[in-house]
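The following paragraphs lead the reader through a protein structure.

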Amino acid sequence: MQLQTIIKNHKTFNRMRLYLFLLSFISINVFADSIEPNLKWGNPTKEELTMTEYAPDKDADAVVLCQQVKVYYQFLNNDFRVFRVVKGRLKVLKPEGKRVADLNVQIWTDESNSQNNELVTGLKATAYNLKDGKVIKTKMDHSMVFREQVSSTETRIKFSVPQVQVGTVFEYEYTLESGFFFELRDWYAQSDIPVLYTQYSLSVPEWFSFHIEETGINRLERKTGAGSLLVGTRVLTTNENTFVGRELPALKNDDYIWHAEDYGNKVTHELQGIYIPGALHKNFTSTWNDVDRLLLNNEDFGGRMKRSSPLKNEIIAAGIPQIDNVQQRVEATWKMLWKHVKWNGQYAFWAKSGASILKEGTGSNADINFLFINMLRDANVEASPVVLRLRNRGLLPRTHASLKYLSTFIVGVQMNDSTMCFFDSSAHDGYLNVLPACLYVKQARVIRKDRPGQWVNLQPLAQSTENTLIQASLRANGELTGDITNSWNGEAAANLRRQWHTGKDSADVIYRMQERMHSNITHYESQGLHDFSPIVREKINFEKRYPLADNRIYLDLLPIYPFGENPFIAETRILPVELPYKHRKTINMKLNLADGWQIEEIPDPVVVRYDGITARMMAAQEENQLTVAFKLDIQRTFFSQQEYPALRLFFEKLVESCKNVIVLKKVEK
């Protein structure tokens, strides 16, 4: 705020003086606790070596004191190469912070042209420790550098800085040289630890046109300019961009966030074209329609969409194509496929052949999904791949299209002319339109053989419903017994099935269920637990004992399914909150009281609201019967960081309200 504006908005000189006094007081304290960035390498300052905590984030176990990344082009051996020089200085503040001394660099090889292969040079690291007032330097030995072959095209160079302990300052640096000059790596200003100072410098020859996009919730300083590059006998102008970030907060993978880097500060690059005067004018800008055509013309993708499955004869012999109802036809096809193959827990985009998957009996979701699409074709059901990027891989950009952003696909099943259902083979606990939470993306694209691609939003499908009815009786000795009827739908049903599939055995699942209910289960039965359906039903007999105190029983408002703790305990939050799906939960209880007992105290009805979420609870007495009704309705899944305090307060009030008790008193006859 400008000084003139401050004076204009304050009516008296005294108010102005008070404002300036408070401002100066705050400024003195902030700068007294902060540390100035040291941009010189090889000589950490005394302040860096002696610091014991990072003032802006006193819980931080480590901090990036300084990081510099410089990217530039050179013309070597009649071709362009791009160089990425990385330097970093970090401080370890707590034992857990020693993890940041284990680093790696990802490099790529080109199987079709080895000239493009990437290599790392100048890799070195040094630890600085203060001992008896003296600085002890320990350099990294080459024996602490390892190469890990991830795939035929990807290698990780892993290295560990030696003698790192609490209080250590360490530096590292390397240069990454690459022939992939047409694709620049994204730059991330933030990490899971706070950053005091970071700088990214990019120099691009005028012949290359990149779309450079800066995103994030913090402000970066940006400067642009021009430089030069010698190409043979010609001097090219270079476009210079420099980004600087100061005192950036840690970007932690908090609960209820899919991909923290979506909200962190970063710079991305997308090649739009190469324009060499008199030689080459090539436009690389692509649209998602271009990606559609690329996939449809690819034999391993578009070609697969046209094929029959190896199980075609079995499908015909089972009479599946003659089933009138499309949904039943889809269910029968999936049940047949599930007898032959199981998901291996991996998400992928490219698939193996159907014959290979059937032989192995297992495969990625892409493997099984393509086989399912081919089987549905044999069953006379139209189905298409729906390509997307997993929620934990980041948002799919709409503005600059590229195949590299896609990480998997699901199956879109055409139920009729206007309705498409969605399914993925990883959802073996789910159903049509019931997917694993990581697949509920806002932007997925249907790839069809005979029409343009279509964007679909999968998030509205994400629904979870729980309905509970409790019929119980409270005996004079404080013993509560009764029956519970549960109906789980959508994601709730999938979650229940998952509990049974991941448990050691039925006894283990029942034991964990008893712990959640704070009750003893005397009988359990279910319907639909092992079926391919959207609903699971349970019937549970239970017992629970309440102690008597001064002829009174203190009964929980929600005695069977108590609402435990606030999921949002941190007072502040940098990132937004992303809930996995919409959720609706109702509990209705009817409790018969033993003769001689009456209600002495009953909580008032409670309604807790925030935008998109509501909770209601009410208890009432009718003659010798107590009724309790609870309803939680969450119809929003995204809450900005500005909304976090209100969201936290909502759940805080909800938890406190659920702790209310009903006091029952024994009446003397």
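Is Arg 475 buried or partly exposed? With a relative accessible area of 44%, Arg 475 is partly exposed, where buried means under 20% relative accessible area, exposed means over 50% and partly exposed lies in between (1.4 Å probe, protein chains only). The model is a predicted one, in which local features need pLDDT of at least 70 and side-chain atom pairs count only at pLDDT 80 or more, while totals for chains, interfaces and linings use all residues. Residues are numbered from 1 along each chain as its sequence is written, and side-chain values use heavy atoms, with hydrogens and water left out.

The partner of Arg 475 is Glu 479: their side chains meet in a salt bridge, at 2.7 Å from N to O. A salt bridge is a side-chain nitrogen of Lys or Arg within 4 Å of a carboxyl oxygen of Asp or Glu. Side chains of opposite charge can pair when their charged atoms come close. Glu 479, with a relative accessible area of 13%, is buried. This residue belongs to strand β24, residues 479–490; strands (E, at least two residues) and helices (H or I, at least four) are DSSP runs, numbered from the N terminus. Leaving aside residues up to four places away in sequence, Glu 479 touches Ser 473, Leu 474, Glu 543, Lys 544 and Arg 545, a contact being heavy atoms within 4.5 Å. The C-alpha atoms of Glu 479 and Pro 547 are separated by 8.6 Å, although these residues are 68 residues apart along the chain.

Arg 552 pairs with Glu 600, their closest N and O atoms being 2.9 Å apart. Because Arg 552 lies in strand β27 (residues 552–556) and Glu 600 in strand β30 (residues 597–601), this pair ties together parts that are 48 residues apart in sequence. Arg 552 is buried, at 17% relative accessible area, whereas Glu 600 is partly exposed, at 38%.

In another pair, Asp 633 forms a salt bridge with Arg 584, and the closest N and O atoms are 3.1 Å apart. Here strand β33 (residues 625–634) holds Asp 633 and strand β29 (residues 582–593) holds Arg 584, so the pair ties together parts that are 49 residues apart in sequence. Asp 633 counts as buried at 18% relative accessibility, and Arg 584 as partly exposed at 36%. Salt bridges that share partners also join Asp 550, Arg 552, Glu 600 and Lys 665 into one network. In total, the structure holds 30 salt bridges.

The protein chain as a whole has twelve helices and 35 strands. Along its principal axes, the C-alpha trace spans about 105 × 85 × 60 Å. Of the 669 residues in the chain, 47% are buried. Among contacts in the chain with a separation of 6 or more, 70% come from residues 24 or more positions apart.

One group of charges remains to be located. On the surface, Lys 306, Lys 312, Arg 377 and Lys 449 gather in a patch of positive charge. Such patches are made of residues with over 30% relative accessible area and no salt bridge, like charges being joined within 9 Å and nonpolar side chains (Val, Leu, Ile, Met, Phe, Trp, Tyr) within 5 Å. Within this group, Arg 377 lies in helix α9, residues 365–378, and counts as partly exposed at 38% relative accessibility.

Notes: Accessible areas come from the Shrake-Rupley method with a 1.4 Å probe; for residues, only the protein chains shown count as cover. Lys and Arg count as positive and Asp and Glu as negative; His and the chain ends are not counted. The place of a charge is taken as NZ of Lys, CZ of Arg, CG of Asp or CD of Glu.
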